[in-house]
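Me: I am new to this structure and would like to learn what its labels stand for. Could we go through them together?

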Amino acid sequence: MKIQLWRQILEPYQLAVDELQVKFNHIMGAYRRAGEYSPIEQVTGRVKTISSILEKAQKKGIDVEEIEQDIEDIAGVRIICQFVEDIYKVVELIKKRADMTVKSEKDYIACKKDSGYRSYHIIVRYSVETVKGPKTIPVEIQIRTLAMNFWATVEHSLQYKYKENMPERLRVKLHNSAEAIICLDEEMSSVRDEIMDAQNSFRVKANMISDILNNIQNLYKVANKREVIKIQDEFFRIYKTEDLDQLERFSKELDVIAEGYQAQSLR
């Protein structure tokens, strides 16, 4: 395989990663715009570098000409969740999608690796439209919690540094920290409902404040300035009380005022 062809070969993989990041971010946004809790917290993606691909091919004994056929994680998407329960919800979301097909999956959460590594891996087949026509790309989707991701990032860096010769003291520390991560995830799951309620209240308040400020800004264009300043001062007074019920009543009253001015402008 000629070196100058690498960029051309990897182009569809980058396209697949870009498209999937957009789609999973859209899912996350759709949940939040609907005022619902999203099982997806973050989405990242990458295409393996040429050096990483060659290193893996050499390690696995894969001929350079067979790289596209035998290496399935050239394109990778990582989905980060808050809770372990969310991971399995995301897995179900992926399985129900019509734009990708699950080829294989490995649950390293139920059966963690000896190193302590935990994550859920899915290989999907995803089709992209290239200048030469459609091409189906294997993409590895890793789904893990924030805590799992922190551990895996540290472990990956140490593995890269030491290759197969990581000092035993570090292996022990990594294993112990992996056990601590399990305990952390379990503790977070035990208070999941309370955390979700708190986060939902925050989102509701943030959205309400955004709507109020938009209404006030629009009123400056159509209403008496003194009246708008009074409304603005009332908003700040209620905001300082941190009373969500008062804020909700104020928001509804402001909606009525804004609709009244809008109706007048249409006459």
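Reply: Gladly! Let us begin with I122, which lies in strand 4. Strands here are DSSP runs of E with at least two residues, helices are runs of H or I with at least four residues, and both are numbered from the N terminus. This is a predicted model, in which local features need pLDDT of at least 70 and side-chain atom pairs count only at pLDDT 80 or more, while totals for chains, interfaces and linings use all residues. Residues are numbered from 1 along each chain as its sequence is written, and side-chain values use heavy atoms, with hydrogens and water left out.

Me: Why is I122 called buried?

Reply: Buried means under 20% relative accessible area, exposed means over 50%, and partly exposed is in between (1.4 Å probe, protein chains only). I122 has a relative accessible area of 0%, so I122 is buried.

Me: How far apart are I122 and V139 in sequence and in space?

Reply: They are 17 residues apart in sequence and 8.1 Å apart in space, taken from C-alpha to C-alpha.

Me: Is H121 buried or exposed, and how do you know?

Reply: H121 is found in strand 4, which covers residues 120–130. Its relative accessibility is 11%, so H121 counts as buried.

Me: What makes the pair H121 and E140 a polar contact?

Reply: A polar contact is a pair of N or O atoms within 3.5 Å; within protein, one must be able to donate a hydrogen and the other to accept it, and residues adjacent in sequence count only if both atoms are side-chain atoms. The side chains of H121 and E140 are joined by such a contact at 3.4 Å.

Me: Why is the pair E72 and K103 called a salt bridge?

Reply: A salt bridge is a side-chain nitrogen of Lys or Arg within 4 Å of a carboxyl oxygen of Asp or Glu. The side chains of E72 and K103 meet at 2.9 Å, N to O. This pair links distant parts of the chain, with E72 in the loop between helix 3 and strand 2 and K103 in strand 3, 31 residues apart. E72 counts as partly exposed because its relative accessibility is 22%, and K103, at 44%, is also partly exposed.

Me: How many salt bridges does the structure hold?

Reply: The structure holds 14 salt bridges. One of them joins the side chains of D86 and R192 at 3.0 Å, N to O. D86 lies in helix 4 and R192 in helix 7, so the pair ties together parts that are 106 residues apart in sequence. D86 and R192 are both buried.

Me: What about K252 and E248, where do they lie?

Reply: Both lie in helix 9 (residues 244–265), 4 residues apart, about one turn of the helix. At 53% relative accessibility K252 counts as exposed, whereas E248, at 34%, is partly exposed.

Me: Which residues form the nonpolar patch on the surface?

Reply: I50, L54 and V64 form it, with about 190 Å² of accessible area together. Patches are made of residues with over 30% relative accessible area and no salt bridge, where nonpolar side chains (Val, Leu, Ile, Met, Phe, Trp, Tyr) are joined within 5 Å and like charges within 9 Å. Accessible areas come from the Shrake-Rupley method with a 1.4 Å probe, and for residues only the protein chains shown count as cover. I50 is in helix 2, and I50 has a relative accessible area of 34%, so it is partly exposed.
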